[in-house]
Amino acid sequence: MSVFVNKHSKVIFQGFTGEHATFHARDAISIGTQVVGGVTPGKGGTTHLGLPVFDTVAEAVAATGADVSAVFVPPPFSADALMEAIDAGIKVAVTIADGIPIHDMVQVQRYRVGKDAIIIGPNTPGIITPGECKVGIMPSHIYRRGNIGIVSRSGTLNYEATEQMTALGLGITTSVGIGGDPVNGTDFVTVLRAFEADPETEVVVMIGEIGGPQEVAAARWAKDHMTKPLIGFVAGVAAPAGRRMGHAGAIIASEADTASAKMDAMEALGHYVARNPAHIGQTVLEAMRKQGIAIR
Amino acid sequence: MNIHEYQAKELLQSFGVPVPSGSVAYNSTQASQVAEELGGNRWVVKAQVHAGGRGKAGGVKVVSSLDEVKKAADAMLGSRLITHQTGPEGSLIQRVLIEQASTIRDELYLGFIIDRASQRITLIASSEGGMEIEEVAKTHPEKIITEIVDPAIGLRDFQCRKVATAIGLKGKLMPQAVRVMKAIYRCMRDNDALQAEINPLAIVGGDDDLRLMVLDAKFNFDDNALYRQKTITEMRDLQEEDPKEVEASGHGLNYIALDGNIGCIVNGAGLAMASLDAITLHGGKPANFLDVGGGASPEKVTNACRIVLEDPNVQCILVNIFAGINRCDWIAKGLIQACDSLKIKVPLIVRLAGTNVEEGRKILKESGLTFITAENLDSAAEKAVAIVKG
C-alpha cells in the first residue's frame, strides 16, 4: 500500500507539452507510472510521448479515466488549472509551480470545499510511491521502497532526508511534499492521517521549517491520533526573525514560528526529533530500533 | 513588497477610506509649502521609512508653525532613523509626509491578514490602538477580535457590525466602521496585499461630528502577484531595500545577508536553511542565505558566486546542491565558469547530489581546478567550518 498515489493511479499532465512536464513525464513512465495522456489547450487531438493530448481536463478524464493530475502550468494560470482538474473529477492534483499568488490559492481552497479532491502543493516537488507512481519533479532514483512515510514542506530537504535514509538501507512507502507556500492544498495533518491509515507505513517522518503553526498542530494531532512513531525535523534554527527565507511561508513572525520552538514542542509531545539536518536518517534508524520496527 | 505610509494612505483614499489631508515632500521648502497649502495651524511631520516604531524613534513631530514644519523636515531629511526594526545603522529618511494634525479622541486597531490556519482573509480588530498589536495580544488577549472572511462571499455588513460593536464603535460611528472595514478588505483583495494594518484608526472630531480616520497604515504585498499589480509595483522604493538583495532577485536568486564568514549557495529554500543550520551546529557562522532556485543555469550560478563574494567577510563558499528539477552538470559548469571569470580566491566546498550527479562530479574533476568535494551535508558543513577556523 501507499498513500494518495499507487500503481493503479491514472495520471495526466496539465501543461503536458512543456519542457519540464515532458522531462518528468518520461521519468515517471520509466519508474512504472501509468501516464495516460495530457492537456494543453489548443493542442487537443495531437499526441505527445506517444500519448493523447486533450484541450480540456474534462475530455482527458472522459477518454482515459484519469484520476490524478500533475499540474505543470505557470503560476499565473495554476489556480485556474487546479479548479479545472477538480471540476473534471480528478481526485489528486499536484501543483508544482513556485510563485502562485496567495489570493489565488485562497480561492482554490474555497472552491475545493465539499468536493472530493486533494491538492498537493503548490511549490512542491510532488508525490512519489517508489516503483509505482511519481507525480512531480523529484529525482526518482534516490527513492527506495520500504515502510517509512515522509512528508515535508521543502523539496530539496525532502531529497536530503531521503538520501540519508536510503544510505542507511531505509526505504519509504510514499513521499509527499506539501510545499513551501503559506496557503497550501494539503496540510501535515491530512498526510499524517493517511499514513496512519496505511498498513504498509510503519514510521512517519515530518520535515518542517520556520513560520506558521502547521508543524506544532500536526505534532499535537499525532499525539492524540497516531499509533505510529513520528520523527520530526524543522529547518531554520539559524534563520533571522522577520525575514522571508526563500519560501513564501518561511518567515518568523513570532516566537512560536522559530525552528527551536517547534522542535521543542514536538519533543514535549513525545515525538522523536532530529536536531541536526545531517542526522535525520540516523534519528529515524534509532527510533525504529527503539520501537522494534523492522528495517525494510 | 512594502510601501510607504503616504502611498498606503493614497491607496486607501482611492477606496474611499478617510485619511488626513496631507502630501509627501522631498525637501524642507516643499514641506512648508505643503503645510501652507493644507492650511490650519497644527501639522504632523512624519518620516517616511518602511520600518515600524517611527514615533518612539523621533520620526513623528507635531508642530504649530510653518517655520517649525521646515525645521522638523530639515532635521529629518537626510538623517538616519533608528527604530527597533531598522537595526543599529537605521534607515535614511528621503521623504516626509506633512499632514494636518487631528484632535484624537480615541485610538483603535484594524488589521487584515491571510490567516494560515483558516487559509482565509481574517479581520483583526481591537479597542486598544496606537500600540503594537502583539503587545495587546500578550497583555489583553480578550481585547483581540477576529472575524474570518469567506472568499466566495466577501466581508458582509453584519460581520463588520459585530466587530464594530466588540471594539466599542456605536451610534454614528457604526455605519462608518462598516464602510471603512469593507473598503480596506476590497483594497487588500484587489491589490493582492498579504497584510493591511491600520494602527491607529482614530476617532476624531467634535461631539456632534465624530469621524473615523486612518492615522497610520502599513501594507505588505504578494511579490508573486506583482505581475498583475502595476500601480503597486510602481510604488516600490528600492532605496528601502538591500541593494544586494535587489540585484540578486533581478537574477532570479534569493539572497539574504547574514553576519558570518561562510558563503552559501544552495538550491531550495528548505535545504538552504538546513545548510545554515548544519554550519551553525558545527560551530561556524553563515555569511548569507542564497537559494539559486530551480533550473539554475551556469550564468545563474556565476551570478550567485559573484553576489556572495561581494561580501568581504566571506572566507569560503559552501555549495550544496540536491538537484531535482536542477541538473548537477549545469551547476558544475557554472562553478567552473565562475572560477574562471571571477578569479575566485576563496576555497569552494562542493556537495552535489541528485539529477545528473555523476556528470556533474566528472566535470568538476576534469576541470583541473581545486574544488573541495563533500559526499554529504554533514561533511560539507564540517569542511567549511574547518577552513574558516584554520
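Chain A comes in two parts: domain 1 covers 1-123 and domain 2 covers 143-296, with the bounds taken from an automatic or database domain assignment. Before we go on, this is a predicted model, in which local features need pLDDT of at least 70 and side-chain atom pairs count only at pLDDT 80 or more, while totals for chains, interfaces and linings use all residues. Residues are numbered from 1 along each chain as its sequence is written, chains are lettered from A and ligands numbered from 1 in the order in which they are written, and side-chain values use heavy atoms, leaving out hydrogens and water.

Domain 1 of chain A brings 16 residues to the contact and domain 2 of chain A brings 23, where contact means heavy atoms within 4.5 Å. Together the two domains bury about 1500 Å², 58% of it on carbon and sulfur atoms; buried area here is the accessible area (1.4 Å probe) that two parts lose on being put together, summed over both. On the domain 1 side, Met1(A), Val3(A) and Asn123(A) lose the most area, together 37% of what that side buries.

What about salt bridges between these domains? The count is zero, a salt bridge being a side-chain nitrogen of Lys or Arg within 4 Å of a carboxyl oxygen of Asp or Glu.

Helix 4 (102-112) and strand 7 (118-120) of chain A each supply at least two residues to the domain 1 side. These elements are DSSP runs, numbered from the N terminus: helices are H or I with at least four residues, strands E with at least two. Helix 4 of chain A gives the largest share of that side, five residues.

How many residues does each chain give to the contact? Chain A gives 53 and chain B gives 46. The two chains bury about 4000 Å² between them, 62% of it on carbon and sulfur atoms. In chain A, His103(A), Arg110(A) and Met245(A) lose the most area to chain B, together 16% of what that side buries.

Across this interface there are five salt bridges. One to find on your screen is Arg110(A) with Asp150(B), whose closest N and O atoms are 2.6 Å apart. Helix 1 (19-30), helix 4, helix 5 (155-167) and strand 13 (230-235) of chain A each give two or more residues to the side touching chain B. Helix 4 of chain A gives the most there, with seven residues.
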